[in-house]
Protein chains: 2
Amino acid sequence: MQNFRPETANLLTATEAREAIEQGLLTSQELVSACFSRIDELEDTIGAWAHLDRERAMEQARQADHFRSRGLATGALHGLPVGIKDIIDTSDYPTERGTVLHQGRKPDKDATLVSLLREAGAIILGKTVTTELAVFSPGKTTNPHNSAHTPGGSSSGSAAAVSSAMVSLAVGTQTNGSVIRPASYCGIYGFKPTFARISRHGVLRQSKPLDTIGVFARSLPDLALIADVLMRYDAQDESMTPLAPPCIARVMAEAMPADPHIAFIRTPKWDQVEDSTKAGFRELIDEVNQRFSKAIEVVDLPGQIGDIYEDHRVIMEADLARSFASEYQNGKSKLSAVLVEMIERGQQVSDEEYQSAVGKMIDYSEYMDEIIEEYDAALTPSTLGAAPAGLDATGNPIMNTIWTLCGTPTINIPLLQSPEDLPVGVQLVGIRGDDAKLFRIARWLLELLDD
Amino acid sequence: MQNFRPETANLLTATEAREAIEQGLLTSQELVSACFSRIDELEDTIGAWAHLDRERAMEQARQADHFRSRGLATGALHGLPVGIKDIIDTSDYPTERGTVLHQGRKPDKDATLVSLLREAGAIILGKTVTTELAVFSPGKTTNPHNSAHTPGGSSSGSAAAVSSAMVSLAVGTQTNGSVIRPASYCGIYGFKPTFARISRHGVLRQSKPLDTIGVFARSLPDLALIADVLMRYDAQDESMTPLAPPCIARVMAEAMPADPHIAFIRTPKWDQVEDSTKAGFRELIDEVNQRFSKAIEVVDLPGQIGDIYEDHRVIMEADLARSFASEYQNGKSKLSAVLVEMIERGQQVSDEEYQSAVGKMIDYSEYMDEIIEEYDAALTPSTLGAAPAGLDATGNPIMNTIWTLCGTPTINIPLLQSPEDLPVGVQLVGIRGDDAKLFRIARWLLELLDD
């Protein structure tokens, strides 16, 4: 941190930038300028942003600097720019949801999560590219590590913007694999909290029992920083219950209370994982166990979760059909073929099928908690491998489906590399409600590997 | 704290009870039981509660204890009972607003402030008595120090419940003097924050530019504890702006950065202050200045604020006429004469008069900040004297009007005594936005006097 130049302050982590701003070594205006220089340089290739307004962002930064100069209380993200996925409502930028059907849409209210960011002093830098209605059909974004490859989706722009140091923090959403997959492909940290711990009020709904807000950053402390701001109860999201804030940063810093134990769960889809990723996991596990004997052990999921992928599909597609009924009815010709297919399959799902899948979802979740509860966390691939070549699809979310359906918290840690030198993430999974402890074991793991 | 018995845990401050619960010396169920024993003993005389539901409160306490026993993260008010003024919506108790016109009213959503309390782990013990629509016409509550005297209003039940140790924390509202006055009369701490720093979403509206949420407690740290939970940005209250939480408890504990300086402001209504209260102030100031030379000096407000009381009346009554138009139209015969009069005067206020008063309100506020800014705080009476005898009125709010109109934060500190041995408060006033620094100087003052 000592030798950063304000012109390249965009390269700092959010935690570093916050410290620099607090110490008076950096202003928010300098930081936002550095972010825009980076955007000027790379946006034509990467295409991470759906809406940018330099003047508006600079004005927010001016206010933040002015506020600090008056010695007033500052929040956890004071003066730090954040990117917001374009399905999340903002009162000062359009929110067009990745489809021409919502072109020109301009909400007059902030989503709750945006108002929490503003309260914490964050600068809303702009809106990031989403796939069409946050499903599969890609936007313009490319992978910062190789522009011929997908960045993953649906939170494509948020992941790419953080990965390319256009911004140090961004928010996305996951209904299947839309946070952890792009984080893995883009080589950054991603966090999907326990279901219903970040408010979805003011966020496009795909599926009420599945939609989950997640965050991106270039370090684990940065993920904790923004997660602590966003994980607040909001009565406007009916799925939330009034639980105390998890205090992730504080718990993360605590010593592990006992010898750490991690379950390596390959999942029923391990066969589809790329060989180089499999080899990467073997090496990683060996290295960890060499440094800390028996820290990781292999655990197999029994057969009874075999239907889990199909149950997820039933819930998600039936909910897509409901959530996007008016888009389908009034603008079917402007929807992608892949989404139309999903909606039409969803229309065929009977109430009985849907209720049965939701019922099983609850069983799966409890069952998964029981398995992971014997350990500090589970380790599993974030994706089948590195980002596939091509920009017409966003890769396979199959390694994320179980954890979205079960509502467990998961973190993508960028630890592996493909033979083509593209990043591949590992996924650390906790039990529901124990988000802070999941961060603690992640911190322990990174320190162990760093030794 | 060492020797408390669970059966009398209601006598603990909230801060003490929290510590006892954290250390496993007390359960929330024991605490709630102790509160209900106290209520059984005194409620017939004091009449602090509009709605109580022992089973519901005990159920919340059971859940809090269960939650803690599982080792999950707990909030700042975990397991602590709180009383809520009956003009603040709660999803699980009626909210009848002190008038037969709203008898049986049962909101299905919590006010934002109630959801913040739930998130922090608080037990909603019940709803406290308010005057009619939070204006002047009293409810059933009596003063815990002498049941022939008024407890003050409009937050009568909240102040009386805290004063009589039925509960250690309660929430009220102030549009003129409805928090600081009952706190003074009941001999407890009261805090009215800077305007628009606690959300009014889900709270009965009297006057948008004046209505302010406030809190009651039996110690200064307790006030800080609940204020830190409630002072959060909420986009649903249009008057709020996204500012960082003030971190009152943390700032309050800091050393004073320079020699403290307090302005003693008598206000244009000093002539009406009772002689014994005047004498009490003289003694208090002498004592403070003896212990800390020149800490307090007399400051006179110049003439140009002479209209301030009339401007407040114009705004409040015009807003009452608007806010209670349907009550007036459909149930005038069921409203008190005093309220009908105010509404009818308010109906006569022209748009021009109203706008002129609101314009002057902004000037007064800036002007008052300028005066107080030269000091750490201003000291002024909370009330003209002790609670008047009689239960047909709630006393004079004239010592609170300026500070409500100007939106400045103020704290009632129970420091004086009337010749009849009734409590009289002193009011410490800060500049807008500096709520935390106001608590710091209050802490300093109490420590000085305690030496």
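**Note on the predicted two-chain model**

1. Chain A has 451 residues, and a compact globule of that length would have a radius of gyration near 22 Å; the value for chain A is 21 Å, which agrees. The radius is taken over C-alpha atoms, and the globule rule is 2.2 Å times the number of residues to the power 0.38. Along its principal axes the C-alpha trace of chain A spans about 60 × 60 × 45 Å.

2. This is a predicted model, in which local features need pLDDT of at least 70, side-chain atom pairs count only at pLDDT 80 or more, and totals for chains, interfaces and linings use all residues. Residues are numbered from 1 along each chain as its sequence is written, while chains are lettered from A and ligands numbered from 1 in the order in which they are written.

3. Chain A holds 15 helices and 11 strands. Helices (H or I, at least four residues) and strands (E, at least two) are DSSP runs, numbered from the N terminus.

4. In chain B, 11 strands form an open sheet with mixed pairing, in the order β1-β3-β2-β4-β6-β5-β10-β11-β9-β7-β8. Its edge strands, β1 (49-52) and β8 (296-299) of chain B, each pair on one side only. Two strands pair if DSSP finds at least two bridges between them.

5. Within chain B, β4 (residues 169-174) and β6 (residues 212-217) pair in the antiparallel sense over six bridges. Here A170(B) stands opposite F216(B).

6. The contact between the chains takes 22 residues from chain A and 22 residues from chain B. Residues are in contact if their C-beta atoms, placed from the backbone, lie within 7 Å. Helix α4 (residues 112-119) of chain A gives the largest share of chain A's side, three residues.

Technical notes: Two residues are in contact if their C-beta atoms, placed from the backbone, lie within 7 Å.
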